Amino acid sequence: MPPTSPMNLAELHQLGRRLTAAATSVMKDASDLGPTELLVLECLYTAGPQPVGAIAQHTGFAQSRVSTVVATLHKRGLVELGADPADRRRTVAKIAEHARAQAREARSRDAEPTLRQMLPELSAAQVEAVIAALRALNGALVEAAPGAFGGTDLQSNGQPG
């Protein structure tokens, strides 16, 4: 195998964008909800009831975008709104019980077919190695520094937080 040069930050950024675009495309095809809506539900599913600011911090979306999405999800009956017990002036969003199944289903979708489709030039063994490396990277990042570098801190263990 020829020597490779180190990955630079622009390449790392582009890799993240390509992976995000692939996941977003599949999410759009699998649900009548948009990717941002699914990720907000995912946040509420994993982290529990949250004020809009906390959802924005967890997901990495702008607070104004999260506020709009929460309002839309509330209108659709997927999110319940209530007062924050710690600060009654603040509103907290909570995933509606019947929406938990939709969030659980979205969370359990297998990413491997999408990754395989993205890598048609690689052998089956190479694709397995890439998937294993991505799984290890995700696990290491979650364990080492959840929320570091302005990223999200959604749990990835499949359990509500």
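**The core and its helices**

Guide: From the N terminus on, the elements run α-α-β-α-α-β-β-α-α-α. That comes to seven helices and three strands. The model is predicted. The chain has 161 residues, and buried residues make up 27% of them. Take the contacts between residues at least 6 apart in sequence: 51% join residues at least 24 apart.

Now the core. The largest nonpolar core holds 22 residues. I55, V70 and L73 have the most contacts inside it. The largest share is that of α2, with six residues.

Start with α2. It is mostly covered, with 11 of its 13 residues buried. The buried set is P35, T36, E37, L38, V40, L41, E42, C43, L44, Y45 and T46. Charged residues are thus among the buried ones, since E37 and E42 are both listed. What about the length of α2? At 1.5 Å a residue, its 13 residues should span 18 Å, and the end C-alpha atoms are 18 Å apart, so the two values agree. Just after α2 comes G48, with a positive phi of about 85°.

Next is α3. This helix is mostly covered too: six of its eight residues are buried. They are V52, A54, I55, A56, H58 and T59. I55 is also one of the residues with the most contacts inside the core. The cover over the buried residues of α3 includes α2, β1 (50-51), α4 and β3. G60 follows α3, and its phi is positive, near 85°.

V70 is another of the residues with the most contacts inside the core. Which residues does V70 touch, leaving aside its neighbours within four places in sequence? They are V40, V52, I55, V79, L81 and A93. V40 is one of the buried residues of α2. V52 and I55 are buried residues of α3.

Is A71 buried, exposed or partly exposed? Its relative accessibility is 34%, so A71 counts as partly exposed; buried would need a value under 20%, and exposed one over 50%. A71 and A93 are 22 residues apart in sequence, yet their C-alpha atoms are 9.4 Å apart in space. A93 is also a contact of V70.

One more feature lies among other helices: the second largest pocket. About 220 Å³ of space lies in it. Its lining is M7, L15, R18, L19, L115, M118, L119, L122, V130 and L134. Three helices, α1 (9-30), α6 (112-118) and α7 (124-144), each supply at least two lining residues. The largest share, three residues, comes from α1. By class, the lining has nine nonpolar residues, no polar ones and one charged. R18 is the charged one.

To gather the core up again: α2 gives the largest share, I55, V70 and L73 have the most contacts inside it, and V70 is in contact with V40, V52, I55 and A93, among others.

How values were computed. Residues are numbered from 1 along each chain as its sequence is written. This is a predicted model: local features need pLDDT of at least 70, side-chain atom pairs count only at pLDDT 80 or more; totals for chains, interfaces and linings use all residues. Side-chain values use heavy atoms; hydrogens and water are left out. Buried means under 20% relative accessible area, exposed over 50%, partly exposed in between (1.4 Å probe, protein chains only). A nonpolar core is a set of buried Ala, Val, Leu, Ile, Met, Phe, Trp, Tyr and Cys residues joined through side-chain atoms within 4.5 Å. Helices (H or I, at least four residues) and strands (E, at least two) are DSSP runs, numbered from the N terminus. Contact means heavy atoms within 4.5 Å. On a 1 Å grid over the protein atoms alone, a cavity is a set of points where a 1.4 Å probe fits but cannot get out, and a pocket is an open set with protein on both sides within 12 Å along at least five of seven lines; lining residues have an atom within 4 Å of a point. Grid points are joined across faces, edges and corners, and a volume is the space filled by probe spheres set on the points. The expected span of a helix is 1.5 Å times one less than its number of residues.
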